[in-house]
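Me: I would like to go through this model and ask what each label rests on. Please set the values against the criteria as we go.

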Amino acid sequence: MALARLVDVHTHLYLPRYAQMLRSRNSVPRILTSTRDGKPDDRLLILDHEPSGGRPVGPQYWDREEKLKFMNAHGIDLSVVSSANPWLDFLPASEAKTLASQLNEDLEQYCSDSPLLSPSLKRLYGFGLLPLVPEISTDALVQTIEQISKLSHLKGIIMGTRGVGKGLDDEALDPVWAALETAGLVVFLHPHYGVDEKAWGDKNNGHVLPLALGFPFETTIATTRLILAGVFDRFPSLRLLLAHSGGALPQLSSRLASCIDHDPVVASRLKHDARWYLGKLYFDAVAYGPEELGFVSDVIARSERFETGSSASAGTPVDRALGSRRMLFGTDHPFFPPLQSTEKWRSVVENLQAIDTVAGWGQAEKDGVRGGNALALFNLG
Ligand code: 5CU
């Protein structure tokens, strides 16, 4: 019987070259460098309204030994690491292109030099970066996809929601989707911008509202725009992994389908009911609760009902276990460190406990979400 592995698909880093670039900047995003009691006391400023002076940032963001230590402490066998936000979004096109290519080589090295998990597997694989910024040429994007597809430890790319300036439903991205589909690279869609900060009012709630709601709503909107633009109709083999279990999309997908049905502009645009597309997506299992994970797996499984365009079987129970096959464990490391030092991070323990206690998932489904689904998605035999 194959060993059940624990695989983290949502785990970030700032490669040393990227951290160096952040240190050289004097506007956000940036790393502010200083020392306290003779030791480095670097601070990260990437989001609006970071606590004054920024958040502590250190080797856990860039040192591979720290990533492996974290993996060992939590029993994680293998991680598919990705650069943390805001990627290259804020750079001019020529700089973004050069840096993307250098960072992809750096990440390949970071992974290929990692310890062996088995004779055929390393402990680290990665998602590369594309220079997705305004005024970049399509050729530059496609060349970077070709570069990544030749780097054997890079299994996909991470991207934000802005595309080349007009969002992900921009037709200018069609050659990018086509090239990613052909290369078989998984696209990890991750938020950074949240939603209009006016929605948060003027009380000081720290980062709770932008992170708990703004991030997932951003993913919800971006994925919905992809569906509405027919991207999954034109690129049916594109594999998209959604951060934070797809945000609010699973909860809102029937409302979305109904709004489409009643809208004269969109009603006949798509090949399928909106709910069908959710069964083509992959969702990380970074939702922190068993009820949420169970619900997402129901919504994924339900997509089959819409295969034929009919919802005649609405009301009959879906196969929750089937839906689990598109869900994958993640930690969001090094974000969400515990406020008080503990051996294991609460954010990780909660996500593992959630997977372990979903009603209707047997051992095979739990093992799948913990790691088996990721090994299959990334073709890591
Ligand atoms: O806490 C945060 O700021 C973040 C972030 O920026 N990106 C992320 O992936 N998780 C948490």
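Me: Which residues surround the ligand?

Reply: The model is a predicted one. In it, the ligand is surrounded by His-12, Ile-46, Leu-47, Ala-84, Asn-85, Leu-211, Asp-332 and Phe-335.

Me: Why does Ser-83 count as buried?

Reply: The threshold for burial is 20 or more other C-beta atoms within 10 Å. Ser-83 has 24 C-beta neighbours inside 10 Å, so Ser-83 counts as buried. The residue belongs to strand 7, which spans residues 78-83.

Me: Which residues does Ser-83 touch, leaving aside those up to four places away in sequence?

Reply: Its contacts are His-12, Leu-13, Tyr-14, Leu-15, Tyr-18, Leu-103, Leu-129 and Ile-158. A contact requires C-beta atoms within 7 Å.

Me: In what order do the 8 strands of the open sheet lie, and is the pairing parallel or antiparallel?

Reply: The order is 1-7-10-11-12-13-14-15, and the pairing is parallel. Strand 1 (7-13) and strand 15 (327-328) are at the edges because each has a single partner strand, so one side of each lacks a neighbour in the sheet.

Me: What makes strand 10 and strand 11 a pair?

Reply: Pairing takes at least two bridges between the strands. Strand 10 (residues 124-129) and strand 11 (residues 154-159) are joined by 4 bridges and run parallel, which meets the criterion. Within this pair, Phe-127 stands opposite Gly-156 of strand 11.

Me: What makes strand 11 mostly covered?

Reply: The count is 6 buried residues of 6 in strand 11.

Me: Which residues have the most contacts inside the largest nonpolar core?

Reply: They are Ile-157, Val-187, Leu-189, Leu-241, Ala-285 and Leu-328, in a core of 91 residues. Helix 3 (residues 93-112) gives the most to this core, with 7 residues. Ala-285 touches residues that include Ser-245, Leu-293, Met-327, Leu-328, Asn-351, Ile-355 and Val-369, with those up to four places away in sequence left out.

Me: Why are the buried residues of helix 12 placed on the same side of the helix?

Reply: The buried residues of helix 12 (residues 346-356) are Val-348, Asn-351, Leu-352, Ala-354 and Ile-355. They cover an arc of only 155 degrees around the axis, and therefore lie on the same side of helix 12. Their packing partners are helix 10 (290-302) and helix 13 (363-377).

Me: What makes strand 2 and strand 6 the edge strands of their sheet?

Reply: Their open sheet has 3 strands in the order 2-5-6, with antiparallel pairing. Strand 2 (30-32) and strand 6 (55-56) each pair on one side only, and this makes them the edge strands. Strand 5 (residues 43-45) is joined to strand 6 by 2 bridges, antiparallel, and pairing needs at least two. Arg-43 stands opposite Pro-56 in strand 6.

Me: Which value of omega goes with the cis peptide bond from Val-28 to Pro-29, and which with the one from Asn-85 to Pro-86?

Reply: From Val-28 to Pro-29, omega is near 0 degrees. From Asn-85 to Pro-86, omega is near 5 degrees. Pro-29 sits in the loop between helix 1 (16-23) and strand 2, and Pro-86 in the loop between strand 7 and helix 3.

Me: Is Trp-87 buried or exposed?

Reply: Trp-87 has 27 C-beta neighbours inside 10 Å and so counts as buried, the threshold being 20 or more. Trp-87 is in the loop between strand 7 and helix 3. Its phi is positive, about 50 degrees, although the residue is not a glycine.

Me: Why does Phe-336 count as partly exposed?

Reply: Buried begins at 20 neighbours and exposed means 12 or fewer, with partly exposed in between. Phe-336 has 16 C-beta neighbours inside 10 Å and therefore counts as partly exposed. Phe-336 lies in the loop between strand 15 and helix 12. Phe-336, not a glycine, has a positive phi of about 60 degrees.

Terms used:
Residues are numbered from 1 along each chain as its sequence is written. This is a predicted model: local features need pLDDT of at least 70, side-chain atom pairs count only at pLDDT 80 or more; totals for chains, interfaces and linings use all residues. A residue is near a molecule or strand if its C-beta atom, placed from the backbone, lies within 6 Å of it. Two residues are in contact if their C-beta atoms, placed from the backbone, lie within 7 Å. A nonpolar core is a set of buried Ala, Val, Leu, Ile, Met, Phe, Trp, Tyr and Cys residues joined through C-beta atoms within 7 Å. The arc is that of the directions from the helix axis to the C-beta atoms.
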